[in-house]
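Please keep the structure in view while reading each point.

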Amino acid sequence: MKFEHKVTIPASRDAINAVLHDVPRAARCMPGVQEVNQEADGSYTGSLRIKVGPMGFTLSGKMLVEEESAEGLWRLTTEAQDRRLGGGIHANVEALLIEGASGSTEMTMSADIQFMGRLGELGQPLIKRRAESMFKDFAENLRKEVS
Amino acid sequence: MRDFFFHAPDNLQEALSLLNEHGDDARLMAGGTAMMLMMKQSLLEANHVVSLHKVPGLAYINRDNGTLRIGALTKHRDVETSAEVKATNPLLAEVYSRIATVRIRNVGTVGGGLAHSDPAQDPQPALLALGARVKITSAKGEREVALSDFLVDYYETALEPGEVITELIVPNAPDGAKGVYIKYLPRTADDYPTVGVAAIGVVNGGVCQDVRLGLGALAPTALRATSVEDALKGQQVTAQSVRQAAEAVADLVDPLDDPRGSAEYKRDMSVVFARRALEQALGLS
């Protein structure tokens, strides 16, 4: 599953980079994030709750920032499992920040998510749809956080 | 499946009290055909299940001034076989007869089906086309909601915490109308459809007097294609006008990829089966 979302944020690239660098703060912009903790190896652990009607999926796992550049390119990978249902996801996420002339910055977020196990079998079609809206909400919340 | 407390209240007031007492921890159960599967698959969890099976007075089919009032605990099978429904609203009997298998229809209830709100359920396209409404009861009183407003998203309805569906109100089709439900399912006959289309048409002197089109399995909820209806109303009914109107369905739908077909395939099939249903309802085939 791949998707891309663009949002224009009325702030400089440096200001957005500063929020993204504070991973727990940036993570709070993602709807459903319940906790994020930094580990000794530099990775982050946490959990994400996704609700679809009466159904709930809780993904717990690890996130690693693979690349973080002052030029505004972010790459991160995530592996998370839903222990109750069985199965999980592996996600590669990229964010590219391009500063415009008017002091605003265009952020392009792209994600490639693979589903595994029973989560893929039972929840994939529903989570796919919800994931796209969650990334849109994240971008919007980040815009509010920085503005 | 995780352990849970099972409550079997003797009346609706007691059921409402239990819902209010346990809040998010409680799930209401009518027939339980969908809910028990979801709980066994760990898709749904509840510490308290409040069963309505002992609650009296919610299983009935009454005729009331051009409408049918169907109690929420009426079984699908009872709608399907009711002489009253067959006589006044045969499309309704037809769509309830297409749900899953006879064993499920003998257990599943009208209200439970509405609360489940899977976009691929069989009755919803016809219920939307007929302008059905849902009566909801809570400790605060009663309210009625149009089905089109009741269906909110995948498995989401307008039900608020502490509310129970108590009745489905279905207006009769217009006089002289022909109703059609096409369930396109390439797998087994008891499956959910890949595409479900209900159409109702009234034609007089070759002119479309009224037409309604409901679509299932093609968006986060079943939906009514009012723009397609508007394009046909008052127009001469021809194969070309129907074909042209049906093509607009592709822009209204937003299906999911799933084992019943890709989103692209379902979009293509939505046009084909909307056209066929309209042709039948408007007397072209």
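1. Across the interface of chain A and chain B, 3 residue pairs are in polar contact, both residues being at pLDDT 80 or more. The pLDDT values belong to a predicted model, and the whole of this note should be read with that in mind. On the side of chain A that touches chain B, the elements that give two or more residues are strand S4 (55-68) and H3 of chain A. H3(A) supplies the largest share of that side, with 7 residues.

2. The extent of the interface may be stated in two ways. In terms of residues, 15 from chain A and 17 from chain B take part in the contact. In terms of area, chain A and chain B bury about 1400 Å² between them, and 57% of this lies on carbon and sulfur atoms.

3. How many salt bridges are there between chain A and chain B? The count is 3. One of them is formed by Arg130(A) and Glu156(B), whose closest N and O atoms are 3.9 Å apart; this pair still qualifies because the cut-off for a salt bridge is 4 Å.

4. Glu45(B) and Arg84(A) also form a salt bridge, with 3.5 Å between the closest N and O atoms. Glu45(B) is in the loop between helix H2 (33-40) and strand S3 (48-51) of chain B, while Arg84(A) is in the loop between strand S5 (73-81) and strand S6 (88-99) of chain A, so this pair joins two chains. Glu45(B) is partly exposed at 31% relative accessibility, and Arg84(A) is partly exposed at 27%.

5. Over all chains, the whole structure holds 28 salt bridges. Within chain B, Glu94(B) is bridged to Arg98(B), with the closest N and O atoms 3.5 Å apart. Glu94(B) is partly exposed at 31% relative accessibility, and Arg98(B) is partly exposed at 26%.

6. Arg224(B) and Glu229(B) form a salt bridge whose closest N and O atoms are 2.8 Å apart.

7. Turning to aromatic residues, the count over all chains is 3 aromatic pairs. Phe3(A) and Phe135(A) form an edge-to-face pair, at 5.2 Å centre to centre and with 70 degrees between the planes. Phe3(A) belongs to strand S1 (residues 2-9) of chain A and Phe135(A) to helix H3 (residues 117-146) of chain A, so the pair ties together parts that are 132 residues apart in sequence. Phe3(A) and Phe135(A) are both buried.

8. The ring centres of Tyr184(B) and Tyr265(B) are 6.5 Å apart and the planes stand at 55 degrees, so this pair is tilted. Because Tyr184(B) lies in strand S11 (residues 178-184) of chain B and Tyr265(B) in helix H12 (residues 263-281) of chain B, the pair ties together parts that are 81 residues apart in sequence. Tyr184(B) is buried at 18% relative accessible area, but Tyr265(B) is partly exposed at 32%.

9. Ring pairs join Tyr184(B), Tyr265(B) and Phe273(B) into a cluster. Over the face of Phe273(B) lies Arg276(B), at 4.9 Å from the ring centre.

How values were computed. Residues are numbered from 1 along each chain as its sequence is written. Chains are lettered from A and ligands numbered from 1 in the order in which they are written. This is a predicted model: local features need pLDDT of at least 70, side-chain atom pairs count only at pLDDT 80 or more; totals for chains, interfaces and linings use all residues. Side-chain values use heavy atoms; hydrogens and water are left out. A salt bridge is a side-chain nitrogen of Lys or Arg within 4 Å of a carboxyl oxygen of Asp or Glu. Helices (H or I, at least four residues) and strands (E, at least two) are DSSP runs, numbered from the N terminus. Buried means under 20% relative accessible area, exposed over 50%, partly exposed in between (1.4 Å probe, protein chains only). Rings of Phe, Tyr and Trp (its six-membered ring) pair if their centres lie within 6.5 Å; planes under 30 degrees apart count as stacked, over 60 as edge-to-face and the rest as tilted. A charge sits over a ring if NZ of Lys or CZ of Arg is within 6 Å of the ring centre and within 35 degrees of the ring normal. Contact means heavy atoms within 4.5 Å. Buried area is the accessible area (1.4 Å probe) that two parts lose on being put together, summed over both. A polar contact is a pair of N or O atoms within 3.5 Å; within protein, one must be able to donate a hydrogen and the other to accept it, and residues adjacent in sequence count only if both atoms are side-chain atoms.
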